[in-house]
Amino acid sequence: MVFIDAMDEAATNIYTSPQTYELLGYTVEDWAADPDLWWTLVHPDDVAEITDAQERHAHLKDHVFDEEYRMIRKDGRVIWVRDIASTVFDDNGVALFAQGLLMDVSARKEAEQVLEASAMREREAAEQLRALDRSRNALLRTLSHDLRAPVTAFIGGASTLEHHGEELSMEERSDILSSMRERAERMNEVITHLLDLDKLGQETAQSSQQQIDLCELVLQIAHERDLEPSTIQLTSAEAEAWADPAAVKAIVGHLLDNADRHAPHATARITVAPAEGGWEIAVEDDGPGLPPGGQEAIFEPFRQGDTEAAGLGMGVGLAYAQRHAELQGGRIRAEDRVGGGARFIVFLPN
């Protein structure tokens, strides 16, 4: 479609070719009756950008107007157009008008969008594969340490008892058996955590939600763990939430275990406070704090961090807690604590 517009900010139409009907569904007569028709056809989301471009063109800052934007046809269909117009000057350099053409580029735009979406899916798939590879390698390292070490010790203890049991004192035999039992319990804990994490990762995972008082539940957790009363802060007498009490206890328990593991000499504190749409349970400590840039990564399974305590756990506790929170319709975030340390905030809807 060919057109001629006045050199004003409104781009007042002077002439439009008959191809306007095929392109936009409007006739030459429609343009003659409404010289500002163009502005009513520009898609609302593109008006601001096109207004700026037209102002630059009208003020001769850009002698060529070349923009791609959306327009709404008379039948309501949205199309992408490329609008190219250049300024025509007289012999004295005075701008007379702008002449240009409008062409439908919807097919190209759609192809670009398809390619962009395909590239995005490819990048996401590649990142998922890299994440799976990282998890696989981390799992192998974890299993190598947390399963092989107990098995090796178990075999060593059994071999000692088998070949030298009669030479050992009752106390020595008891120590070996006790060590074997502790190693076996450690193996059972590792396997249980792996199975629980896999169960929570399934779409069929269920939770038994009910109306509970988070304040009462936190006090119960504190009592079971022999926490000092001074480490508990409740900003409300009651905190009614719709959640699975066992899941909430598991979440807070994992966060406390994480604090004990990575900040064994620090003091862990629990706070219950209202938040928009629900409640927040914060578990914080005054230990070494979060790894740089690790606020999101620490929730990945088998991510153990860089502290001296990294080898003491499997790195599934925070992932386990996060999945439990998601099943409650909540979420967990981590942040550095003011004054030093780490702070984990669990949001649960009421």
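## The largest cavity

The largest share of the lining of the largest cavity, 3 residues, is supplied by strand β1. In this predicted model, the structure holds 1 cavity of 30 Å³ or more. The space in the largest cavity comes to about 170 Å³. It is lined by 17 residues, and those closest to its centre are Phe3, Asp5, Ala11, Trp38 and Asp83.

Several elements contribute to this lining. At least two residues each come from β1 (2–6), β2 (13–16), α4 (47–58), β4 (78–89) and β5 (95–104). By residue class, the lining consists of 11 nonpolar, 4 polar and 2 charged residues.

## Overall composition

The protein has 350 residues, of which 35% are buried. Its secondary structure amounts to 10 helices and 12 strands. Contacts across the sequence can also be described: among those between residues at least 6 apart in sequence, 59% join residues at least 24 apart.

Val81 stands opposite Asp104 in β5.

Gln54 is located in helix α4. Gln54 counts as buried because its relative accessibility is 5%, and buried means under 20%. When residues up to four places away in sequence are not counted, Gln54 touches Asp8, Glu9, Ala11, Trp38, Trp39 and Phe65. Two of these partners, Ala11 and Trp38, are also among the residues closest to the centre of the largest cavity.

His43 is found in the loop between α3 (37–41) and α4. With 15% relative accessibility, His43 also counts as buried. Leaving aside neighbours within four places in sequence, His43 is in contact with Arg70, Met71, Ile72 and Val78.

## The mixed sheet

A further open sheet of 5 strands has the order β7-β9-β10-β12-β11, and its pairing is mixed. Its edge strands are β7 (232–234) and β11, each of which pairs on one side only. Neighbouring strands in this sheet are turned by 20° against each other on average, direction ignored. Helix α8 (residues 214–224) lies across β7, β9, β10 and β12, and runs at about 170° to β7.

Strands β9 and β10 run antiparallel and are joined by 7 bridges. Glu280 in β10 is the bridge partner of Ala273.

## Strand β12 and its partners

Which strand is mostly covered, with 6 of its 8 residues buried? This is β12, which spans residues 342–349. On one pairing, β12 joins β10 (residues 278–284) in the antiparallel sense over 7 bridges, and Trp279 stands opposite Leu348 in β12.

Strand β12 also pairs with β11 (residues 331–336), again in the antiparallel sense, over 6 bridges. In this region Glu335 stands opposite Arg343 in β12. Strands β11 and β12 form a hairpin with 5 residues between them. Gly339, in the turn of this hairpin, has a positive phi of about 95°.

## A loop residue: Ala266

Ala266 lies in the loop between α9 (245–262) and β9 (269–275). Is Ala266 counted as buried or partly exposed? Its relative accessibility is 23%, so Ala266 counts as partly exposed.

Not counting residues up to four places away in sequence, Ala266 touches Asp285, Asp286 and Gly287. Ala266 and Pro288 are 22 residues apart in sequence, and their C-alpha atoms are 8.9 Å apart in space.

Notes
Residues are numbered from 1 along each chain as its sequence is written. This is a predicted model: local features need pLDDT of at least 70, side-chain atom pairs count only at pLDDT 80 or more; totals for chains, interfaces and linings use all residues. Side-chain values use heavy atoms; hydrogens and water are left out. On a 1 Å grid over the protein atoms alone, a cavity is a set of points where a 1.4 Å probe fits but cannot get out, and a pocket is an open set with protein on both sides within 12 Å along at least five of seven lines; lining residues have an atom within 4 Å of a point. Grid points are joined across faces, edges and corners, and a volume is the space filled by probe spheres set on the points. Helices (H or I, at least four residues) and strands (E, at least two) are DSSP runs, numbered from the N terminus. Ala, Val, Leu, Ile, Met, Phe, Trp, Tyr, Cys and Pro count as nonpolar, Asp, Glu, Lys and Arg as charged, and the others, Gly among them, as polar. Two strands pair if DSSP finds at least two bridges between them. Buried means under 20% relative accessible area, exposed over 50%, partly exposed in between (1.4 Å probe, protein chains only). Contact means heavy atoms within 4.5 Å. Axes are lines fitted to C-alpha atoms, for helices over the stretch in contact, and angles run from 0 to 180 degrees between N-to-C directions.
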